[in-house]
Amino acid sequence: KPKVAKNLSDVVAIDSGTSHTIALKADGSVWSWASTAGSGGSYGGYLGRRSQFEPQVVQGLIIALPPP
């Protein structure tokens with residue numbers, strides 16, 4: 001069931017897989033949150049923990065957006 005992502009605004013693009021979501025904000029920052037349930041924990045290393053249900057900025061990754 002879909003849920004509202006807390007503390008996340010100005011999203012210009014979003015995509016998701018079976019148990020993860022990636023959002024691109026207007027400032028070029030990339031945010032991610034995920035559940036590793038059923039994945040054998042393979043995604044947990046990416047986020048540094050088993051599951052991350054609150055959006056967290058992906059450190060070191062900024063997308064240059066074209067001017068409006």
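Me: Which residues is Thr-21 in contact with, leaving aside its neighbours within four places in sequence?

Reply: In this predicted model, Thr-21 is in contact with Ile-14, Asp-15, Ser-16, Trp-31, Ser-32 and Trp-33, once its neighbours within four places in sequence are left aside. Thr-21 itself lies in strand 2, which covers residues 20-25.

Me: Why is Thr-21 called buried?

Reply: The relative accessibility of Thr-21 is 16%, and buried means under 20% relative accessible area, so Thr-21 counts as buried.

Me: Why does Ser-29 count as buried, and where is its place in the chain?

Reply: Ser-29 has its place in strand 3, residues 29-34. Its relative accessibility is 7%, and because buried means under 20%, Ser-29 counts as buried. Leaving aside neighbours within four places in sequence, Ser-29 is in contact with Ala-23, Leu-24, Val-57, Leu-61 and Ile-62.

Me: What makes the pairing of the Ser-29 and Asp-27 side chains a polar contact?

Reply: The distance given for the side chains of Ser-29 and Asp-27 is 2.6 Å, and a polar contact needs a pair of N or O atoms within 3.5 Å, one able to donate a hydrogen and the other to accept it; the pair is therefore listed as a polar contact. A polar contact of 2.8 Å also joins the side chains of Ser-29 and Trp-31.

Me: Why is Ala-64 called exposed?

Reply: Ala-64, whose place is in the segment after strand 4, has a relative accessible area of 76%. Exposed means over 50%, so Ala-64 is exposed. In sequence Ala-64 and Ser-29 are 35 residues apart, while in space they are 8.9 Å apart, C-alpha to C-alpha.

Me: Why is Leu-65 described as partly exposed?

Reply: Leu-65 is also found in the segment after strand 4, and its relative accessible area is 35%. Because buried means under 20% and exposed over 50%, with partly exposed in between, Leu-65 is partly exposed. Not counting residues up to four places away in sequence, Leu-65 touches Val-12, Leu-24, Lys-25, Ala-26 and Gly-28. Between Leu-65 and Leu-24 there are 41 residues of separation in sequence and 9.8 Å in space, C-alpha to C-alpha.

Me: What makes Ile-63 partly exposed, and which residues form a nonpolar patch on the surface?

Reply: Ile-63 lies in the segment after strand 4 (52-62). Its relative accessible area is 35%, which is between the limits of 20% and 50%, and Ile-63 is therefore partly exposed. The nonpolar patch on the surface is formed by Val-12, Leu-61, Ile-63 and Leu-65, which together have about 300 Å² of accessible area. Patch residues must have over 30% relative accessible area, a limit that the 35% of Ile-63 passes, as does the 35% of Leu-65.

Me: How many helices and strands does the chain have, and which element has the lowest mean pLDDT?

Reply: The secondary structure comes to one helix and four strands, in the pattern β-β-β-α-β along the sequence. Among these elements, helix 1 (residues 44-47) has the lowest mean pLDDT, 45, whereas strand 1 (residues 11-16) has the highest, 91. Over residues 38-47 pLDDT stays under 50, and for this stretch the model has 17 contacts beyond four places in sequence. For the chain, the mean pLDDT is 75, and 72% of residues reach 70 or more.

Note on methods. Residues are numbered from 1 along each chain as its sequence is written. This is a predicted model: local features need pLDDT of at least 70, side-chain atom pairs count only at pLDDT 80 or more; totals for chains, interfaces and linings use all residues. Side-chain values use heavy atoms; hydrogens and water are left out. Helices (H or I, at least four residues) and strands (E, at least two) are DSSP runs, numbered from the N terminus. Buried means under 20% relative accessible area, exposed over 50%, partly exposed in between (1.4 Å probe, protein chains only). Contact means heavy atoms within 4.5 Å. Patches are made of residues with over 30% relative accessible area and no salt bridge: like charges are joined within 9 Å, nonpolar side chains (Val, Leu, Ile, Met, Phe, Trp, Tyr) within 5 Å. Accessible areas come from the Shrake-Rupley method with a 1.4 Å probe; for residues, only the protein chains shown count as cover. A salt bridge is a side-chain nitrogen of Lys or Arg within 4 Å of a carboxyl oxygen of Asp or Glu. pLDDT is the predictor's confidence in each residue, from 0 to 100.
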